[in-house]
Amino acid sequence: MRRTALVVGCLLLAVAAATVSPAVAQPTASSPTDVAGDFNRDGFADLAVGVPGEGIGGAQNEIAGAVNVLYGAGSGLSGTGGQLFSQVGGMVEFRDRFGSAQAAGDFNGDGFADLAAGASGEDVGSVGDAGAVSVLYGSAGGLTTSGGRLFTQLGGTAGGGGQLGWALVATDFNRDGFADLAAGAPSEKVGSTVDAGAISVLAGSAGGLTATGGRLFTQVGGTVERFDIFGFALSAGDFNHDGFADLAAAAPLEDVGTVADAGALSVLPGSATGLTTSGARLFTQVAGTVEAGDEFGEQLASGDFNHDGFADLAAAAPTEDVGAVQKAGAVSVLPGSAGGLTRTGGRLFTQNSSGVPGTAETFDQFGGLEIVF
């Protein structure tokens, strides 16, 4: 089975539009390793730093992963009182990669930011690399394992190599005052289709995140195909300004017609019952030429770029050719509107765009990270 890994590159960053709670700073990229939130509710933002290559308990558990927490104070972030966490529940194992993706949200509505951390390489029983998500709750003393939980895939079957927790987003999809969590499993098998990808959504509640009422989503629109890796990147924002956060989820290796690995992204609207496929849409690259291997959607970020009250979405195609310059990279911007994200008024940016510093060069991969097999 094909495997995905990230290689260093330029991260696409933006200010997220959907705010769950003053305690939480929303993630600014599609699958951030580091996130900020006020875990002890002292008015200072704290920082959770992923250490996915950390060894836990000896060589047999190399790359098990960990999360460091640095607490804010009047003088700024400090190592004083800092914490180191390994996976909650399950077995700490070789190549779990705990902390490779994180999201902060107030999952139980108590005013303290909580932390979700992915271990996309976690084995579930005898199922290798199925993936899991640990949840640590905030308290007056900061993050704690007390009440912490480990979640595996919702619905379907925890497939070998599904890599749940590769990408995480925390926000309030049903506007009930509790943050919910969307977790990507980009290598999940859908039916007999390998590496098609899926997303599990866990609901927030007074008792914290729960699988009760949770849902599993596969790609919206298009055809579910081998190696689409739907859920590789996630971003949330209120794209139609109805008060419910919506979810953008990328399938960067989606074929567009006969064009292989061009990439696409699905948008699932939020509602009183949570995310829904009703009114969901599929988008491909804005402007430019849809080409083989563009990997559109590999990185996503949402923010209200024009301050009109609607969240907009930026989506990278890091291996887009710019003219004759191969794999220079491009970023598409889809504006928000009363009808949700729209191609109308959408723009494509490269390093050759007016006002953008730099020059588009071969293999620059503007806007993204390379997917390696």
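Of the 373 residues in this chain, 55% count as buried, where buried means under 20% relative accessible area, exposed means over 50%, and partly exposed is in between (1.4 Å probe, protein chains only). What you're looking at is a predicted model, where local features need pLDDT of at least 70, side-chain atom pairs count only at pLDDT 80 or more, and totals for chains, interfaces and linings use all residues. Residues are numbered from 1 along each chain as its sequence is written, and side-chain values use heavy atoms, with hydrogens and water left out.

**The whole chain**

- Count the secondary structure and you get 22 strands and zero helices; both are DSSP runs numbered from the N terminus, with helices (H or I) needing at least four residues and strands (E) at least two.
- Take the contacts between residues at least 6 apart in sequence: 58% of them join residues at least 24 apart, a contact being heavy atoms within 4.5 Å.

- Four bridges hold the antiparallel pair S12 and S13, and Ala-203 stands opposite Thr-210 in S13.

**The sheet from S18 to S21**

- Another open sheet of four strands has the order S18-S19-S20-S21, again with antiparallel pairing.
- Its edge strands are strand S18 (300-303) and S21, and each pairs on one side only.
- The twist in this sheet averages 20 degrees from one strand to the next.
- S19 and S20 run antiparallel and are joined by five bridges; Ala-314 has Val-333 in S20 as its bridge partner.

**Zooming in on Ser-332**

- You'll find Ser-332 in strand S20 (residues 330-334).
- A polar atom of the Ser-332 side chain lies 3.2 Å from the backbone nitrogen of Val-286.
- Beyond its neighbours within four places in sequence, Ser-332 is in contact with several residues, including Phe-296, Leu-313, Ala-315 and Arg-347.

**Nonpolar cores**

- As a general rule, nonpolar side chains in soluble globular proteins tend to be buried together.
- The largest nonpolar core has 38 residues, and among those touching the most other members are Phe-173, Ile-199, Leu-247 and Leu-313. Such a core is a set of buried Ala, Val, Leu, Ile, Met, Phe, Trp, Tyr and Cys residues joined through side-chain atoms within 4.5 Å.
- Several strands each supply at least two residues of this core, including S10, strand S12 (198-203) and strand S19 (312-317).
- S15 gives the most to this core, with five residues.
- A second, separate core has 18 residues, among them Ala-103, Val-133, Leu-164 and Ala-170.

**Loops worth a look**

- Gln-163 sits in the loop between strand S9 (144-151) and strand S10 (167-171), and its phi is near 60 degrees, a positive value in a residue other than glycine. Gln-163 counts as buried because its relative accessibility is 1%.
- Gln-365 isn't a glycine, yet its phi is positive at about 55 degrees. Gln-365 lies in the loop between strand S21 (347-349) and strand S22 (370-372), and it counts as buried because its relative accessibility is 14%.
- Ser-278 is in the loop between strand S16 (264-268) and strand S17 (281-283). With 55% relative accessibility, Ser-278 counts as exposed.

**The S2 and S3 pair**

- Strand S2 (residues 34-37) has Val-35 and Gly-37 on its covered face, and Asp-34 and Ala-36 on the uncovered one.
- S2 runs antiparallel to strand S3 (residues 46-51), with four bridges between them, and Gly-37 has Asp-46 as its bridge partner in S3.

Technical notes
Two strands pair if DSSP finds at least two bridges between them. A polar contact is a pair of N or O atoms within 3.5 Å; within protein, one must be able to donate a hydrogen and the other to accept it, and residues adjacent in sequence count only if both atoms are side-chain atoms. Axes are lines fitted to C-alpha atoms, for helices over the stretch in contact, and angles run from 0 to 180 degrees between N-to-C directions.
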